[in-house]
Amino acid sequence: MSDDKLALLIFVVLTITAPVIFVYLTHSSPWSASIKSCNGLAGPFLSSVFLVFGLNLVFLANEVWGAHDRARAAAALEGDTLRNIARAASGLKSSVGRSIVEALNRYDLYTINEDWSQLGRPNRTYGEGGSLADVTVLIGSADFAALTAPTVQSQLLNQINNLRSARNIRYALAEDQLNPVKWYFAYFIDIVAILTVGFGHLQGRRPQIVAFVLFFTVSTPTLVLLNTQANPFRGLVPVAPTAIQLALDHSNTLLKR
């Protein structure tokens, strides 16, 4: 188990056990009278704790779903660029054009069958199939230049740069998960908020239990879900290689002509 998952497990256990222990200490332990003497904490102070917790939760949610949206956009741009290059190359009606489409086809196959499943995993490997060197060399060759206008060749080379940028963005989003310190801080603030709930309901056992249950329901599952979705290519709703699959279908169609 990774350190991040272990920290998440410890956090979940603490959010379950801490309220139970707090209720016992407040209403059934020898120290109950001493703990209840802390009753009367100022309302604005209690609210400030929940404000800090809420702002931190919003920040995490925005970063997680923002990364997910950027990953989808990068994958869509990658697939769209692959189709554009293949379409332009197939229009040459020459062996060079077919070689470019075949190179793109190999890239599509590698990305879907090997590369995508490794996104977000530690110690991932990079195969030759994920290289765009073959396509770049073919488009920049003298044979290709002899078949097209210089502006067309320049535009396709720019398309290759766009394709490489989209792929690199996908790699960066897959490997650059949120800083663990952010999660540890969120867990810490959540534990503090749980204690605040307890101290805000010291006089009645039942209201205290209800408050604990409500806060647990709204906080812990949310943080667990966000942590699970921290990597846009893993989790419950991962970004799928649909755009690359469409590009593969398109290149297969072009090669059959």
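Reader: Which residues are linked in a network of salt bridges? Please take me through that part slowly.

Author: Happy to! This is a predicted model, in which local features need pLDDT of at least 70 and side-chain atom pairs count only at pLDDT 80 or more, while totals for chains, interfaces and linings use all residues. Residues are numbered from 1 along each chain as its sequence is written, and side-chain values use heavy atoms, with hydrogens and water left out.

The network joins Glu78, Asp115 and Arg170 through salt bridges (a side-chain nitrogen of Lys or Arg within 4 Å of a carboxyl oxygen of Asp or Glu). Side chains of opposite charge can pair when their charged atoms come close. Between Arg170 and Asp115, the N to O distance is 3.2 Å. This pair links distant parts of the chain, with Arg170 in helix α7 (residues 150-175) and Asp115 in helix α4, 55 residues apart. Helices here are DSSP runs (H or I, at least four residues), numbered from the N terminus.

Arg170 is buried, at a relative accessible area of 0%, and Asp115 is buried with 0%. Buried means under 20% relative accessible area, exposed over 50%, and partly exposed in between, using a 1.4 Å probe and protein chains only.

Helix α4 (residues 95-118) also holds Glu102 and Arg98, which are 4 residues apart and so separated by about one helical turn. Their salt bridge has its closest N and O atoms 3.3 Å apart. Glu102 is partly exposed at 31%, and Arg98 is partly exposed at 40%.

Conventions. Helix = DSSP H or I, 4+ residues; strand = E, 2+ residues; numbered from the N terminus.
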